[in-house]
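Trainee: I have a new structure to read. Can you walk me through it, feature by feature?
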Amino acid sequence: MPSGSARGSPRRRPPATDVVRPDPVITCIDCGGRAHLITPPTGDPEHPASDEWEPGDIATYRCEDCLDRWDLVVDDDDDT
Ligand SMILES: [Zn+2]
């Protein structure tokens, strides 16, 4: 008899080969000042010390001039 294949198990995608790393400082969209990255990589909760970012992680910046907060989605830096 045909055995049902266990295809329904959730599985994480394999880690990307390219390391995604957001800039530690970006230019504030509002005032043109410097916005610093204030969040560590969130990649794997079981390995908080991991210095890896994954596409889809949220990188939070705070502007040192106007104190605005910016949440940027880490994305593959593809040539688009
Ligand atoms: Zn600003």
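The talk below covers a metal site and then the salt bridges.

Mentor: This is a predicted model, where local features need pLDDT of at least 70, side-chain atom pairs count only at pLDDT 80 or more, and totals for chains, interfaces and linings use all residues. Residues are numbered from 1 along each chain as its sequence is written, and side-chain values use heavy atoms, with hydrogens and water left out.

Trainee: Which protein donors hold the zinc ion?

Mentor: Donors are N, O and S atoms within 2.8 Å of the metal (3.2 Å for Na, K and Ca); water is not among the atoms, so sites may look incomplete. Here the SG atoms of Cys-28, Cys-31, Cys-63 and Cys-66 lie 2.3 to 2.4 Å from the zinc ion. Along the chain, their spacing is C-x2-C-x31-C-x2-C. Cys-31 sits in the loop between β1 (25-27) and β2 (34-37), and Cys-63 in strand β3 (residues 58-63), so this pair ties together parts 32 residues apart in sequence. Strands are DSSP runs (E, at least two residues), numbered from the N terminus.

Trainee: What is the geometry of the zinc site?

Mentor: Four donors count as tetrahedral if all angles lie between 85 and 135 degrees. The 4 donor atoms here make angles of 102 to 121 degrees, and the site is tetrahedral.

Trainee: How many salt bridges does the structure hold?

Mentor: A salt bridge puts a side-chain nitrogen of Lys or Arg within 4 Å of a carboxyl oxygen of Asp or Glu. The structure holds 2. Arg-34 pairs with Glu-64, their closest N and O atoms 3.7 Å apart. Asp-71 pairs with Arg-69, at 3.3 Å between the closest N and O atoms.

Conventions
Tetrahedral: all angles 85-135°; square planar, octahedral: opposite > 155°, others 65-115°. Helix = DSSP H or I, 4+ residues; strand = E, 2+ residues; numbered from the N terminus.
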